[in-house]
Structure formats: structure tokens, C-alpha cells
Amino acid sequence: MRRVRYESTAGPLFLEEAPVPEPGPGELLVRVEAVGVTLPVVRKVTEAAEPIPLGGEIAGEVVTGGEGVTRFQAGDRVTGLCFGHGYADFALVHEAMASPIPEAATAVEAVALVRSGLVALGALAAARPAPGEAVLVTAAASGVGHLAVQLARARGAGRVVGAVSDPGKADFVRSLGADDCVAYGDAAWGEPVDCVLDAVGGALLSPALAALAPHGRLVAYSSGGGTIQAYELLVGAKSVIGFQMALIARGRPELYEQWRRELWRLFAEGTVRPAVHGEFALEDAAKAHAAIETRANLGKVVLRP
């Protein structure tokens with residue numbers, strides 16, 4: 001089979017031949033049809049001290065299962081997280097991290113919706129917006145952000161604001177249902193909001209906090225880090241909440257499953273639609289990463305083996 005690999009920090013990425021992996025206990029061997037490219041994986045390639053397997057969100061058809069697999073069988077269509085080599089023709093997914101794809105959805109729609117949608121839905125739940133409250137989403141044109149905008153609207157937000165790196169993305173964000181769109185470099189981000197879902201971190205934390213109304217909540221789910229001064233929280237009695245999807249998947253599988261079902265229901269109703277920025281062949285993985293690194297994407301970036 002083919003897979004994408006690299007040998008030193010920052011690449012280059014290259015295609016190589018490798019044996020098809022054998023599923024271990026509890027694992028599924030999946031013939032990959034789509035791979036969701038994410039910022040955390042891109043950052044690991046550019047920043048990790050040693051090369052890592054390129055894993056992440058995949059979707060495809062189950063070929064076979066390892067010992068102890070009970071939920072899936074050959075021919076089932078699934079999407080899930082691959083912690084090994086996912087940029088490949090075949091990949092391994094642990095049964096606990098896999099979920100079925102409805103007949104009405106494609107593999108590309110599955111990788112664009114499920115993992116990113118779960119993060120967006122989880123961050124929104126952590127913010128606890130009351131009906132009618134205003135929600136601001138940073139990285140609003142990203143794979144997670146563009147779903148968060150739609151989910152905030154679907155869950156009853158009174159006003160939804162998108163924040164983006166490039167004003168040229170404003171029309172796209174408004175097409176998702178946002179009432180307004182601001183650019184990171186704007187002097188002010190408009191009327192205060194009750195909740196901020198922040199996927200950027202770093203230097204953006206201060207303006208994001210400043211955008212909150214008194215008693216507002218900021219949910220940080222970024223891998224970008226950043227520092228917050230306590231005084232910024234004291235003024236206005238604001239709160240910062242950290243959110244990580246992996247903790248929910250491991251510690252509260254029933255909630256993970258509940259959110260997954262909600263996503264597919266909203267998808268079936270047409271309330272939430274994943275947008276795909278582009279579909280790239282495996283040999284063009286570097287171009288897919290560049291779309292993420294340069295913040296050029298409007299929606300999800302997908303690889304197609």
C-alpha cells in the first residue's frame with residue numbers, strides 16, 4: 001500500500017510503499033477513502049522533535065477486525081481516529097474510536113463532520129450559552145470553526161459572530177449563518193458577547209477576552225497556547241474554560257455518543273452542513289498541509305487515497 005511519511009522536522013512529506021498493517025486486538029483494518037487534515041497534525045510535522053506517524057480522522061470501509069471486535073464487520077462504513085499511519089491506503093482504528101457512517105453520507109462528509117463537529121459541539125457545551133446569548137467563534141472558517149458557527153445558531157444563540165484572519169473570508173462565514181464577521185486585526189470586535197469559542201490561542205487570547213461581556217465565558221480548545229493575566233479575568237468577572245475532546249472520548253463515552261448522534265441528526269435535517277475546502281491526492285499531502293498552515297482554507301481540508 002501507499003502511505004505518506006517524512007524523516008525530519010518540517011518534512012518534506014513523501015509517498016512510500018509499505019505493508020498493509022495487521023489489526024491487533026480491538027482494532028479495525030479500514031480501506032481509507034478520506035482523511036481529514038487537522039492543524040494539530042500539521043503543527044506536529046513542523047514542530048515535533050522527531051517524525052511522527054501522520055494519523056488523524058479517517059473514513060472508509062472495514063476490511064477485517066482484530067480479536068475481540070464485536071461492533072463492526074467487513075463491509076461496514078466507519079469514521080474514526082487513527083493514532084498510527086492514517087495518510088495511507090489502509091489504516092488501523094481502534095473499535096472504541098470508530099463510529100458508523102449513515103447511508104446518506106459520503107466518506108468525505110464523514111471526516112469533515114464528525115471529529116471537527118464533536119470538538120465544536122463540546123466547546124459549545126462547555127461554554128453553556130443560555131438561549132438568546134451571543135457567541136463569538138474564532139477561526140470561524142476552519143474545519144471546526146465553520147461547524148461551530150452553525151451549531152451555535154442551531155442551539156439557539158441570539159447572535160453569532162465569526163472572527164477570521166482574513167477579511168476575505170467574511171462572506172463565507174456569513175453564509176454559514178453568522179450575523180457578523182470581524183478580522184483579528186480590527187481595533188474592536190463589535191458589541192460584547194457572552195461566550196467565545198477560541199481555537200487560536202496565543203496573542204489572540206487578549207482581544208478574545210476583551211470581546212466578552214461581564215460574566216462572559218471563553219472556552220479555549222486551541223493547541224496554540226498563550227498566557228492570560230489574572231486581572232483580565234477579574235475585570236468583568238470573566239471565566240476561561242479549557243476543553244479537550246480526548247478527555248470526553250476516554251472518560252465520558254456516553255456523552256461522546258450522544259453528541260455524535262446529535263451531529264448526524266442535524267446533518268440529516270440539513271441544519272448543519274460540513275464545507276470542504278479541497279480534496280487532495282495522497283501525493284499532494286504537502287499542498288493540503290500548506291492550505292492549513294497559510295490559513296487559506298474555508299472549511300475542511302481532505303486527502304483522498
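Analyst: Let us begin at the end of a helix: just after H8, Gly-270 takes a positive phi of about 85°. Please keep in mind throughout that this is a predicted model.

User: What span does H8 reach, and how many residues has it?

Analyst: A helix can be judged by setting its end-to-end span beside the value expected at 1.5 Å a residue. H8 has 17 residues and reaches 24 Å from its first C-alpha to its last, close to the 24 Å expected.

User: Which residues of H8 are buried?

Analyst: An α-helix has 3.6 residues a turn, so residues three or four places apart point the same way. In this helix the buried residues are Leu-255, Tyr-256, Trp-259, Arg-260, Glu-262, Leu-263, Trp-264, Leu-266 and Phe-267. The list contains Arg-260 and Glu-262 as well as Trp-259 and Trp-264. The elements covering the buried residues of H8 include S7, H2, helix H3 (145-154) and H7.

User: Which residues other than glycine have a positive phi, and where do they lie?

Analyst: Here one reads the angle together with the location and the accessibility. His-215 has a phi near 70° and is found in strand S12, residues 212-220. With a relative accessible area of 57%, His-215 is over the 50% cut-off and therefore counts as exposed. Ala-237 has a phi near 50° and sits in the loop between helix H6 (230-234) and strand S13 (239-242). Its relative accessibility of 39% lies between the 20% and 50% cut-offs, so Ala-237 is classed as partly exposed.

User: What is the geometry of the peptide bond from Gly-11 to Pro-12?

Analyst: The angle to inspect is omega. For this bond omega is near 10°, and the bond is cis. Pro-12 belongs to the loop between strand S1 (2-5) and strand S2 (14-17).

User: How many residues form the largest nonpolar core, and which of them touch the most other members?

Analyst: The largest nonpolar core has 105 residues, and Tyr-87, Leu-197, Phe-243 and Leu-303 touch the most other members. H2 supplies the largest share of this core, 14 residues. Leu-197 illustrates the packing: leaving aside residues up to four places away in sequence, its contacts include Ala-123, Leu-124, Ala-127, Val-135, Val-219 and Tyr-221. A second, separate core has 5 residues, among them Met-1, Ala-18, Leu-29 and Phe-90.

User: What is the volume of the largest pocket, and which residues lie nearest its centre?

Analyst: The largest pocket holds about 1400 Å³ of space. Of its 50 lining residues, Thr-38, Leu-39, Pro-40, Val-41 and Ser-223 lie nearest the centre. The elements giving two or more residues to this lining include helix H1 (39-47), strand S4 (56-65), strand S5 (77-82) and helix H2 (107-127). H1 provides the largest share, 7 residues. By class, the lining comprises 27 nonpolar, 14 polar and 9 charged residues.

User: What is the volume of the second largest pocket, and which element gives the most to its lining?

Analyst: Its volume is about 220 Å³. The second largest pocket is lined by 18 residues, and Ala-96, Met-97, Ala-98, Ser-99 and Tyr-256 lie nearest its centre. H8 gives the most to this lining, with 4 residues. The lining divides into 10 nonpolar, 3 polar and 5 charged residues.

User: How many cavities of 30 Å³ or more are there, and which residues line the largest cavity?

Analyst: A cavity differs from a pocket in that a probe fits inside but cannot get out. The count is 1 cavity of 30 Å³ or more, and the largest cavity has a volume of about 40 Å³. Its lining consists of Leu-124, Pro-129, Ala-130, Val-135, Ala-152, Arg-155, Gly-156 and Ala-157. By class these are 6 nonpolar, 1 polar and 1 charged.

Terms used. Residues are numbered from 1 along each chain as its sequence is written. This is a predicted model: local features need pLDDT of at least 70, side-chain atom pairs count only at pLDDT 80 or more; totals for chains, interfaces and linings use all residues. Side-chain values use heavy atoms; hydrogens and water are left out. On a 1 Å grid over the protein atoms alone, a cavity is a set of points where a 1.4 Å probe fits but cannot get out, and a pocket is an open set with protein on both sides within 12 Å along at least five of seven lines; lining residues have an atom within 4 Å of a point. Grid points are joined across faces, edges and corners, and a volume is the space filled by probe spheres set on the points. Ala, Val, Leu, Ile, Met, Phe, Trp, Tyr, Cys and Pro count as nonpolar, Asp, Glu, Lys and Arg as charged, and the others, Gly among them, as polar. A nonpolar core is a set of buried Ala, Val, Leu, Ile, Met, Phe, Trp, Tyr and Cys residues joined through side-chain atoms within 4.5 Å. Buried means under 20% relative accessible area, exposed over 50%, partly exposed in between (1.4 Å probe, protein chains only). Contact means heavy atoms within 4.5 Å.
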